[in-house]
Amino acid sequence: MSSRQNNDQNNDKSCELSTLLVRLLDGTIGQNEFAEVEKRIASDPADLAYYIDFMAMWANLDQLNDVSTVVPKGGSEVNDPLTSEILREAIEKSEQLAETHEEEKAKQEAESKQDTVKKAAETMFKEFQERERRRMEKIAYKRYVRRQRMLVSGIGALAAVLVIVILARFLNPRSHSPAPVAPPIVAEIIQSIDAQWGDSGISAAAGTQLTASTMQLKRGLIKIAFESGAEVILQAPCKVKPENANQIFLLSGNITAIVPDKAIGFTVRTPTATLVDYGTEFGVMTNASGETEVHVFKGEVDLRSGPDARVFEKSKRIKTRQAGMVDSQGGLSTKKIKYQAKRFIRQMPANSRFGRPGERLDLADVIGGGNGFGTGDPNQSINPDNGQIRAGFYPRDHVGIDGSSDYIPMASLDFIDGVFIPDGSDGPIVVSSNGHTFHDCPDTNSKFCWDIFNGDATNLDARYRGLLDGKQYGTFTHPAVTLHSNTGITFDLDKIRASLGGNQLVAFTTLCGLGNHPDYDNQIFCRADFWILIDGQKRFEWKSATQQHKAREVRVKLTEQDKFLTLIVTDGDGLSNKEKSCGYDWGIFAEAALMLR
């Protein structure tokens, strides 16, 4: 290897060592690099000599130019007085030896100087190592103290929490589970008839206290009294929530409110309307389509659109014998609805009746102008020839009258579509306002004797009351629809459905036959045919029924598609048309009912 190559290698080594020494002095040297410096100085005399020269030069520069000012914060402080003093002493001693010794002792002096400088460098390096070790120990100790403080503070906080929990448990052992506060009582049941709630588990018995919770009456009637003094009759099916001592929310169904002066301001809310009382008696109903109706029996109410009594767009005062409604869009009207007090139960009956809300609807009560649950007039009747409604009934007013064959719509009674005199001599007859026809109607002489009436005509001679199989019908508990031969009546099933608050019509049931008359039971003349139609289609027929026949039970299944139910009684077969007689042909539909679900 040439001398030039050796010089190049030495220069590279010196350059590397210079870089390491600069990092050592400014405090940026790593542990691995520091170990490399130690190794090179200890094993290579040339590196040791270079190290001494480099340190001497740095010390002189430090003295002349105050190099320490450029040492970054946190760097190794190798320019302290002890380090500089050691270096100066070593250099001065070397210079003194060079000046005092003669040339012949130059080699000895040089070796001595080298040894001195070497020892000084070793001493300085050991001191540097010791200072570095101490510095690292201080850093490690500070980190240890900081970790201990964090641990102690965490343990202390946890201990404090545990102490608080333990003290709270022992000082007040029940504070963690406070006793629930009972909800306030807002109303109380004061009377019930055949009543049954849904799945709420609430008793229907009188004396049961009610809180502000949603309840659904499945069957019967319940009368409740609010803390304010207002009283409300609930008619099944209905869903309500007594909200406070002077307010109720009607979600669906029918209710009647009786409000004394001390409870003025009593409020009924529905999903689409609000009614504020001013000392009244009124009925409210809401149906599945979102419509709300109010019928004021006496006094005044303020009808407001929307369920908020304070925030509303429209309002209207409804007075005695007036009605108003709010549709599903919030529209308020008094012209689209007529006043119908009999749609509501205004008084609780003393005893159970045949018509039971939520269970079955009494069609005899409907003929009396009622809602099917006992609100009808027991003395009301309908002339089948012209649709005239009579408040009182007297027999024999129409004996042998020739009736018209036209179908007569009944606009004055919502649940009754129309009445007629059946006679098929000219072909099929119309049996509904929608034009349904009955094709199998027999030929009759179009004569009739009595009105169609609710069999509970209390002023009717007992001899004329409906007797089937020796049992009397025509009472509140055992009602009857009486159709003399050659009369017919059609009920509007859709209008009945709309009044039921969600109940479905599942069947029509009755017990039919000719009524027994104790004074006249001639089989020849007392003969009639019974017909039951759905939308003009025959569902039941019984021809030539007599007083001697046992009454027949009938059950006709109904679906949501069925619109009209028609009952007809005609002269019985067996005689020629001219000889047919309608005398004493009392066709009785006992306990005629629409079964509900």
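Reader: Is Trp-542 buried or exposed?

Author: This is a predicted model, in which local features need pLDDT of at least 70 and side-chain atom pairs count only at pLDDT 80 or more, while totals for chains, interfaces and linings use all residues. Residues are numbered from 1 along each chain as its sequence is written, and side-chain values use heavy atoms, with hydrogens and water left out. A residue is called buried under 20% relative accessible area, exposed over 50% and partly exposed in between, using a 1.4 Å probe and protein chains only. Because its relative accessible area is 3%, Trp-542 counts as buried.

Reader: Which residue forms an aromatic pair with Trp-542?

Author: Rings of Phe, Tyr and Trp (its six-membered ring) pair if their centres lie within 6.5 Å, and planes under 30 degrees apart count as stacked, over 60 as edge-to-face and the rest as tilted. The partner ring lies 5.7 Å from that of Trp-542, centre to centre, with 25° between the planes, so the pair is stacked.

Reader: In which strands do Phe-530 and Trp-542 lie?

Author: Strands are DSSP runs (E, at least two residues), numbered from the N terminus. The two residues are 12 apart in sequence, so the pair ties together parts of the chain, namely strand β29 (residues 527-534) for Phe-530 and, for Trp-542, strand β30.

Reader: What is the order of strands in the open sheet of 6 strands?

Author: Two strands pair if DSSP finds at least two bridges between them, and the pairing in this sheet is antiparallel. The edge strands, each of which pairs on one side only, are β18 (408-409) and β30 (537-546). The order is β18-β19-β27-β32-β29-β30.

Reader: Over how many bridges do β19 and β27 pair?

Author: Gly-418 stands opposite Thr-490 in β27. Strand β19 (residues 416-420) and strand β27 (residues 487-492) run in the antiparallel sense, and they pair over 4 bridges.

Reader: How far apart in space are Asp-492 and Ile-416?

Author: Asp-492 is found in strand β27 and counts as buried, because its relative accessibility is 8%. Not counting residues up to four places away in sequence, Asp-492 touches (heavy atoms within 4.5 Å) residues including Asp-414, Phe-415 and Asp-417. Asp-492 and Ile-416 are 76 residues apart in sequence, and their separation in space, C-alpha to C-alpha, is 5.6 Å.
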